[in-house]
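Please open the model in a viewer and keep the selection tool at hand.

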Amino acid sequence: MSEGKNLVGVDIGTSSVKICQLKETRKGPRLVKLGFSPLPRQTIVDGHVLNAQAVVEALNRTFAEAKIKDRDIALSISGQAVIIRKITVPMMTAAELDEQIQWEAEQHIPFDIKDVHVDYEVLRRRPEAGQMDLLLVAAKREEVNDYTEIARQARLRPVVVDIDAFTVQNLFEFNRGLPPEQTFAIINVGASLASINIVSKGVSAFTRDIANGGNYITEQIQKQLGVPFEQAEEFKVMASVAPHQVSPQVASVIDSVCDSIAGEIQRSLDFFHATSGEPEMHRIFLTGGSSNLSQLLNAIGRRARVGVELIPPLEKIAVEGKDVNAQLLQSRAAQLCVALGLSMRKDKERRL
Ligand SMILES: Nc1ncnc2c1ncn2[C@@H]1O[C@H](COP(=O)(O)OP(=O)(O)OP(=O)(O)O)[C@@H](O)[C@H]1O
Ligand SMILES: [Mg+2]
């Protein structure tokens with residue numbers, strides 16, 4: 001890992017704020033602080049913050065409850081605010097690329113280039129073809145500014161702004177490494193989004209966000225049983241923690257919605273196979289709050305016909321018991337990958 005002090009990882013998701021702080025030790029990183037606060041419904045819709053004050057309050061509360069004093073943070077954004085494209089450009093030096101990248105971005109990004117932050121990563125150099133492959137990332141300035149402004153209102157200093165999918169990939173890479181010969185998908189199913197990142201031969205080869213997640217499951221239970229959202233949410237969570245206590249009707253709604261989300265995911269995987277010429281998918285790794293539902297895991301596995309497993313977020317990160325609420329950690333583990341990935345970022349590294 002690079003030099004510097006760990007930033008506090010702050011994941012502002014649709015359903016909740018998740019905060020992690022790591023401390024680097026000689027034996028590797030240790031989780032020293034953990035915070036979680038639910039957000040009221042409609043606070044964030046489709047990635048847009050509709051109620052900034054509610055997020056500021058949740059941030060203040062979570063930092064206080066988790067007893068975190070440091071104010072330097074890493075944030076991330078996702079969904080419609082971000083466009084990621086794999087592009088091919090002629091071989092050039094880093095200096096030439098820095099100059100050229102805005103022009104390249106204009107060719108590939110369907111927004112006015114003035115409205116986006118552009119960044120890139122060189123995926124592969126292919127001198128024999130005189131070409132190189134880049135991962136081009138454009139993040140809408142307005143969204144980035146909304147999130148950083150909210151953080152500042154909560155007296156925090158955003159030092160790094162990352163992308164959800166890449167923070168999860170970084171955490172995964174730290175825990176497991178990226179097998180150089182394999183193709184696998186990392187899928188984060190949260191409340192409003194299912195984001196897919198296909199990693200092939202050690203680099204991100206395809207990313208796509210699907211505008212469906214756990215809220216969609218809850219809304220369908222709400223609609224089909226005629227119960228309030230909160231009640232539907234309780235039924236859904238019960239299906240993962242005490243499945244035998246769930247009525248057949250609830251179980252059947254969950255089954256059918258999970259199957260439809262899995263179908264959408266599969267369409268993206270098929271699209272990747274068709275366009276990349278990469279025939280195989282070796283494994284799927286699932287995370288995000290909705291991965292608590294075994295129905296979703298099974299539905300994805302049935303469609304993709306490969307093994308699906310959950311990402312254990314803390315495989316190589318020890319936990320310091322003193323300030324970390326063990327029950328919170330256990331019940332929210334699936335929701336922590338983005339915040340954990342962010343908390344691995346350092347204050348001295350390159351920013352987005
Ligand atoms: N035990 C559980 N069983 C079923 N669903 C759960 C469970 N715990 C959390 N969820 C669902 O997970 C979702 C929240 O997950 P997560 O925290 O990863 O999303 P988010 O980051 O807030 O949202 P997004 O990433 O979409 O903006 C909610 O829809 C919630 O109902
Ligand atoms: Mg999320």
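Select helix 1 (residues 52-65) together with helix 3 (residues 141-153): in this predicted model, the two helices pack with their axes 9 Å apart and at an angle of about 50°.

From helix 1, Ala52, Val55, Val56 and Leu59 meet Ile150, Ala151 and Gln153 of helix 3. Sorted by class, this contact of helix 1 with helix 3 contains six nonpolar residues, one polar residue and no charged ones.

Helix 1 lies across strand 1 (8-12), strand 2 (16-25) and strand 3, and its direction is at about 135° to strand 3.

Which strands form it, and in what order? Six strands make up an open sheet with mixed pairing, in the order 10-6-1-2-3-16. At the edges are strand 10 (157-163) and strand 16 (318-319), each of which pairs on one side only.

Leu31 has Val319 in strand 16 as its bridge partner.

Helix 4 lies across strand 6 (72-77) and strand 10, running at about 85° to strand 10.

The next stop is a hairpin. Select strand 12 (residues 194-200) and strand 13 (residues 203-210), an antiparallel pair joined by seven bridges. Within this pair, Ile196 is bridged to Arg208 in strand 13. Two residues separate strand 12 from strand 13 in the hairpin, and Lys201 in the turn has a positive phi of about 50°.

Which residues come nearest to ligand 1? Of the 23 residues around ligand 1, the nearest are Gly13, Ser15, Gly190, Gly214 and Gly289. Helix 5 (214-225) and helix 6 (229-241) each contribute at least two residues to this shell. The largest share, five residues, comes from helix 6. Colouring the shell around ligand 1 by class gives 16 polar, five nonpolar and two charged residues.

Key. Residues numbered from 1 in each chain as written. Chains lettered and ligands numbered in written order. Predicted model: local features only at pLDDT ≥ 70, side-chain atom pairs only at ≥ 80, totals over all residues. Near = placed C-beta within 6 Å. Helix = DSSP H or I, 4+ residues; strand = E, 2+ residues; numbered from the N terminus. Nonpolar A, V, L, I, M, F, W, Y, C, P; charged D, E, K, R; others polar. Axes fitted to C-alpha atoms, helices over the stretch in contact; angles between N-to-C directions. Contact = placed C-beta atoms within 7 Å. Pairing = 2+ DSSP bridges.
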